[in-house]
Amino acid sequence: MKTKKNLQKRRVLTAIFVAAAMIFSSSVAMADTVLLTTDENLVGVYSGNDSGVDGFLGKFDDNGNWDGDSVDGVENVEIQNGGQNAVFDVTTSILLAQFSVKASNRYALYNIPGGTLYAGTTYAVTSQHLVNDGGQQPDISHVSFFGSGDPVQTPEPSATPEPSATPNPSATPGPSATPNPSATPEPEDDDDDDGNIPLGPGNTIPLGPGGDVDAVAIPLAVPRTGDGRSITGLFLILGSILFVGGAMTLRRRVKRN
């Protein structure tokens, strides 16, 4: 029982898959075909024959054969659906203004969108606008084309302008000259010529706790930022001052004792 049920399920799934594939193939084929006999393209429906329309170029009959001169670029004409439809391929883009579908004792006249049938496209026409009073759609008698039929001229590409000349890098002005740092004027020295600050009677450093020790005048060389002297001399001078001060303090203590 299980085997029969599984077999039935497989058959059903296979049938669904095949039907879906057929629908998909049909939709793709329809998508590649352009229907020309639409309400938007319809000019009108007229009694009699379409021979009075200006600009006649050529027509094919109900067997898909050209009646007289053919239209260059329109090929592979095929009558379908019992004669109610016709399809054809366009191999060269051509200029055509209108076409007509003749069936029974009337014809329907249509404008071609853009006045052009484009290469690589399959077009379809039907007798759908020629349904008679009894609601029956007649078979196509013939399809006529009107217009110049000239091939569409592809415009030649315009000449590409030559690029403008690139300026010579050697002609580019160089950077402005950097001023020589040696030419920068040194700051003025307000001290005496040797750069020392003299310590004399009016400018002395008192040494000792009570200040009763005679001041000692020591020439103090203070290095300037701009004259390039080493700061080592300053430390030597300060060390000398501390040494002398310590010696004087020790001398006073010895005297007191």
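Helices (H or I, at least four residues) and strands (E, at least two) are DSSP runs, numbered from the N terminus. The views below show a predicted model, in which local features need pLDDT of at least 70, side-chain atom pairs count only at pLDDT 80 or more, and totals for chains, interfaces and linings use all residues. Residues are numbered from 1 along each chain as its sequence is written, and side-chain values use heavy atoms, with hydrogens and water left out.

**View 1. Valine 34 in strand β1.** Valine 34 belongs to strand β1, which covers residues 33–35. With a relative accessible area of 37%, valine 34 counts as partly exposed (buried means under 20% relative accessible area, exposed over 50%, and partly exposed in between, with a 1.4 Å probe and protein chains only). Setting aside residues up to four places away in sequence, valine 34 touches Thr121, Thr122, Tyr123 and Ala124, where contact means heavy atoms within 4.5 Å. Although valine 34 and threonine 121 are 87 residues apart along the chain, their C-alpha atoms are separated by 7.4 Å.

**View 2. Histidine 142 in strand β11.** Histidine 142 lies in strand β11 (residues 142–146) and is buried, with a relative accessible area of 7%. Its side chain is joined to that of aspartate 50 by a polar contact of 3.3 Å (a pair of N or O atoms within 3.5 Å; within protein, one must be able to donate a hydrogen and the other to accept it, and residues adjacent in sequence count only if both atoms are side-chain atoms). Beyond four places in sequence, the contacts of histidine 142 include Asn49, Lys59, Phe60 and Ser100.

View 3. Strand β4 (residues 74–80) and strand β5 (residues 85–90) run antiparallel and are joined by 5 bridges, two strands being paired if DSSP finds at least two bridges between them. Isoleucine 79 has alanine 86 as its bridge partner in β5. The hairpin leaves 4 residues between the strands, and asparagine 81 in the turn has a positive phi of about 55°.

**View 4. The open sheet.** In this open sheet, 5 strands follow the order β2-β8-β7-β11-β3 with antiparallel pairing. The edge strands, each pairing on one side only, are β2 (42–47) and β3 (56–61). Between β2 and β8 the antiparallel pairing extends over 5 bridges, and serine 47 has arginine 106 as its bridge partner in β8.
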